[in-house]
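Subject: Handover of a structure and findings

Dear colleague,

Please find the sequence and the structure below. My notes on helix packing, aromatic rings and confidence follow.

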Amino acid sequence: LPLCIALLGGVFFYKHLSNKSEAIRKQRDAAMIAYREGNFKKSVFQFEKLISLKTPLTTPERFAFAQSLLNSEQPDRARAIIDDLAPGVSKQPGYAPAHRLKAISIALAMRKPMDADTGKKLKWHLDAGGESKAPDFQRAWAEYYLGIKDSISAVEHLERAAASQPKLWLFAARLHQSIGNQVRFENALEKSREVFLKKLSDDNKNPNHRIVLAEILFEQGKHDEAERVLLEPIDFSPDQLKLIKSARANHYLKRYELRYEFSSVAADQTAELDQIKNRFELLKTALHQDLNHLPTYQSLIRFYLPLKDKAAGREVIDTLKKAVSEGDSSGLAHFALSNILWENEEQELAQFHMEQAFRLSPKDMTAVANNLAWILTEGDNPDLKRAYELSKQVVERYPNDGRLRDTFARVLKKQKKYNEALIEFKRALPTVTDKSAVHKEIVEIYKALGKPELATQA
C-alpha cells in the first residue's frame, strides 16, 4: 500500500509539472506572438507574467522584452536590458541583435562631427552586431564611415540600405556628388526618380512619395517639373496638405537660395533692384504656401539685414506685418518681426511681438528661440546681447529644462560672466543628455577663473 501511494503521488506530481511546463510554454508563445505582431503593450504584459512565475527568459526573449518596453514608453527599463545584452567596449561581445540596436541608436543620436569616443563605441557595436542587411544597420555603418570621412565606404552602405528604403538613393546621390563622382550621382538620381514615379503612379495621393519625387527632380535641375508635381491639385486630407504645403515652401526657398548663390554682380542699380525683387518674390511665395515655415522666416531675417535702410527692407517688414495679421498665422511671424524690430532698436515693440510669439506657439518658440540664441553666439560677429535676451526669456518660462539652461550658460560664458555661467551649467547638469560636454565647459570656466585645482574635480 505505501508503494502504491508513493507511485500515485509521483503520477500526480509529474502531471502537475507537465501542466506547469505547458502553461509556461503557452505563456512564452503568447509573449513572442504579441511582440512579432507589434502589440508591444500586450507583449510586455505577457513577459511580466512569465517573470512573475520566476521563469528565466532566454536571450532572444529578453531582447524581445526590451524592444517591447522601448515601444511602450519605458526606455529606462529597456536600456538596462539592452546594456546587459550588448556590453560596451573592452568587454566580451554579447547578443548580436542587441549590439545592432545599440549601434543604430548611437548613429541616430550622434552629433556632427563624430568625436573619438563616440566613434569607438559605434564601431564596437557595429562589429559586434555581425552581418546584417537590415537598412537601419547599414545606415549606421554609413554614419560611422561619414564620421571618419570615408565617403566611398559610406555611400556603399547607403546604397545597400536603399534597396529597402528607396528614399536613400537621394542621399546616396548627394554623397556621390560630394566626392566628385558625377556619373554615379546622375545614375543614383535617375534610379530614385524611376522608383518614385512608379510609387506615385501606384498611389497618387501619397504626399511622401510626391515630396521625394519633387526633391529628386529638383536635384536633377528640373525645377519647373518639381513645382508641377507639388502643385498638382489633389484632394489631400488636412494632415497630408500640411506636409505638401511645407514641401512647397521648401521648394521656393531652395529656388531663392539658388538665385542668391548664383546671382552675378549687378551691372547697374536697376539690375540690382531686379535681383533683389526676384529673390524677395520667391520668399513671399514660400510664405504664401506655408505661413508656419520656419526656414523661410529665418531667410527673411537674413535677407533683411543688409537691406534694412532700403525700400526692400521696408517691404520685408510690411510682409511680416501682413503675416501676423493673417488668421492662421503662428508665432513664427511674430518671432521674425520681433528680431527685425530688435535690429531697428525698437525694443518695446520687439518685446511685444516676442510675447505674442510665445503666446501663440509656446512649444515651437521655445525650440526656435533656444536654437537662435545658440546660433547668435557663434561666428566671427556674435550678437551676444540678443542671444542673452532670447535665452533668458526661454529659461524664465521653462526653468527646469536643462537643455535650455545649457544654452543660457554658454551665452554667459561667451560674455565672460564666468560665475553666472558656472551656476547655470551646474543647474543644467542633472537633466542634460550630454553630461560630458557640460563637464568640459565647467572645467574651462574653472581654468578661466584661475582655479585649476577645482577643474580636476569637475
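Angles under 35 degrees count as roughly parallel, over 145 as roughly antiparallel, 65 to 115 as roughly perpendicular, and the rest as oblique. The axes themselves are lines fitted to C-alpha atoms, for helices over the stretch in contact, and the angles run from 0 to 180 degrees between N-to-C directions. Helices (H or I, at least four residues) and strands (E, at least two) are DSSP runs numbered from the N terminus.

This is a predicted model, in which local features need pLDDT of at least 70 and side-chain atom pairs count only at pLDDT 80 or more, while totals for chains, interfaces and linings use all residues. Residues are numbered from 1 along each chain as its sequence is written, and side-chain values use heavy atoms, with hydrogens and water left out.

Helix packing

Helix α2 (residues 40–52) packs against helix α3 (residues 59–70) at an angle of about 135°, and their axes are 9 Å apart. The two are therefore oblique to each other. α2 passes α3 in a left-handed crossing (the near helix is turned anticlockwise from the far one by less than a right angle; clockwise would be right-handed). In contact terms (heavy atoms within 4.5 Å), F40, S43, V44, F47, E48 and I51 of α2 meet E61, A64, F65, Q67, S68 and L69 of α3. By class, this contact has seven nonpolar, three polar and two charged residues. Here Ala, Val, Leu, Ile, Met, Phe, Trp, Tyr, Cys and Pro count as nonpolar, Asp, Glu, Lys and Arg as charged, and the others, Gly among them, as polar.

For helix α20 (residues 384–397) and helix α21 (residues 402–414), the axes come within 9 Å and cross at roughly 150°. α20 and α21 are therefore roughly antiparallel, and α20 passes α21 in a left-handed crossing.

Helix α18 (residues 347–360) and helix α19 (residues 362–376) have axes 5 Å apart, at an angle of about 125°, and are therefore oblique to each other. A357, F358, R359 and L360 of α18 make the contact with P362, M365, T366 and A369 of α19.

Aromatic rings

The structure holds nine aromatic pairs (rings of Phe, Tyr and Trp, the last by its six-membered ring, with centres within 6.5 Å; planes under 30 degrees apart are stacked, over 60 edge-to-face, and the rest tilted). The ring centres of W141 and Y145 are 5.7 Å apart with planes at 20°, so this pair is stacked. Both residues lie in helix α7 (residues 135–147), four residues apart, about one turn of the helix.

Confidence

The mean pLDDT (the predictor's confidence in each residue, from 0 to 100) of the protein chain is 85, and 91% of its residues reach 70 or more. Confidence is lowest in helix α1 (residues 2–36), with a mean of 68, and highest in helix α12 (residues 223–231), at 96. Over residues 262–267, pLDDT stays under 50.

With kind regards
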